[in-house]
Amino acid sequence: YQRRVHGGENTKENPQKQKQQQDGENKKENQQKQKQQQQKQQQDGENKKEKPKLNLDEAQGKEKKEGQRKNEENHKTKDNKKEKKDENKNQKPATEKENKPTGTLPKKKVTKVIDSDVHPAIRRLGMLYQNHSIRGGNARCIAMLQAFKQMIQDYSTPENKSIARDFISFLNKPIQYLVNKRKLSVSMGNAISCLKHHIQSITDSTPDITDDAFKKEIFQYIDMYLIYERIIFADRHITQHGASKIVNGDAILVYGRSSAVEMILKEAKKQGKNFSVFVVDSRPHLEGKGLTERLVSEQIPCTYSLINSLSNIISGVSKVFIGAAAVLTNGSVYNRIGTGLVCLMASQFHKPVLCCCETYKFTDKSWLNSLSNNDWADEEQLMMATDTNSNYEENNLIEYDKNDNLSIINMQYDLTPPEHISMLITEVGMIPPTSVPVVIREYHLTISE
């Protein structure tokens, strides 16, 4: 029994041992195969690494050669460009300064007008505009209307034409000539539009009017309506309204020079009111100097200062009076550059700002900034406006016109938002800036009536 059992056990144990031996051999074979595969992979990796090294070395050599070739070509092109620049510099005309654009905005195209086709009075006026010898909206407008009167007086109607129909087209040339010399102000544009509308009304009513009757009618309209009623008579009403706002003990701040503000201060002094004036001025025109001299001659105590000390003066001011070159339909004031800074400082210190302006300067236009419709003056005005104690010859910007990296901007006007204006003093009365569209509708849009 034991033999059978043991024999059976032995018979059972033998196949198990065989299986174990086979499994062990299989494992060894698998391990050997894995080692062989790993060795092959290592060899393949080494071969791959060696190949790109050779390619990189070759590529680096090629790149070096190409870089040297490109550098040589660049040096040659640079030398050629320098030679061309030198040739162009030698070939540039003496009027290079005129061709260089000023400021950051491109200049508009100018339609040329031959000087011989323009009346001598218009040419003389254009030179005064260009040199800024005539300043101020009222002064420029009156000078233009007086020159138009001289031109109309010497005008002779061509054959087979009527003066009423031919004169409007004849008037366009002198207007364009003045525009080429200096940009027209809003007041001048409104006066020209009123004059053209009146000429058109004459042609519609009496197309066969004689030359003498036509000239007499135009002269009367220019003198009585455009000059007297819209400027002189309006300034008288503005003077009365503005003087009523000045009381004893006031400290009035004015900026630059405004004819309406000057008349208000003189009228207040004639009424026996005791007040003082702070005149704030700015370069390059320094218009406040002349105003200060005239006010001091009227026994008005004045303090003269530049705009850079405005923050120290504004706290002792009771009111601010400013003029206006134009008032837009949204209530914004278009005036001498620096006015916006004065009004902003006054509103921050809660000082009332009173703007004195005639209604013929109101316009139905609305501008978003001061750049699109500004008057750009000559940059030499800024470069020459130096201190008398400084030596101009030692100024580094003396050859600014030859420096391509430098631009000089000499803006003449800026735009003041209506929220910084407390009141508009006009011949119609004292109105808020929000009432400007009403005045435009009543006075400008009903000219035909």
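In this predicted model, strand β8, residues 413-416, is covered on both of its faces. Y413 and L415 are buried on one side, while D414 and T416 are buried on the other. Strand β8 is joined to strand β6, residues 333-336, by 4 bridges, and the two run antiparallel. Within this pairing, L415 of β8 stands opposite Y334.

Strand β1 pairs with strand β2 in the parallel sense, over 6 bridges, and L253 has F278 of β2 as its bridge partner. Helix α8, residues 259-270, belongs with these two strands: β1, α8 and β2 make a right-handed β-α-β unit.

Strand β2 spans residues 275-281 and is mostly covered, with 6 of its 7 residues buried. Strand β2 is also joined to strand β3, residues 302-306, by 5 bridges, and these strands run parallel. Here V279 stands opposite Y304 of β3. Another right-handed β-α-β unit consists of β2, helix α9 (residues 288-297) and β3.

The nonpolar side chains deserve attention next. In soluble globular proteins, such side chains tend to be buried together. The largest nonpolar core in this model has 39 residues, and M144, L145, F148 and L195 have the most contacts inside it. Helices α3 (120-130), α4 (137-153), α5 (163-181), α6 (186-205) and α7 (211-243) each supply at least two residues of this core. Beyond its neighbours within four places in sequence, L195 is in contact with F148, L171, I218, Y221, I222 and L226. Apart from this core lies another, of 28 residues, which includes I313, C343, L424 and I440.

Notes:
Residues are numbered from 1 along each chain as its sequence is written. This is a predicted model: local features need pLDDT of at least 70, side-chain atom pairs count only at pLDDT 80 or more; totals for chains, interfaces and linings use all residues. Side-chain values use heavy atoms; hydrogens and water are left out. Buried means under 20% relative accessible area, exposed over 50%, partly exposed in between (1.4 Å probe, protein chains only). Two strands pair if DSSP finds at least two bridges between them. A nonpolar core is a set of buried Ala, Val, Leu, Ile, Met, Phe, Trp, Tyr and Cys residues joined through side-chain atoms within 4.5 Å. Contact means heavy atoms within 4.5 Å. A crossover is right-handed if, with the strands pointing away from the viewer, the path from the first strand over the helix to the second runs clockwise.
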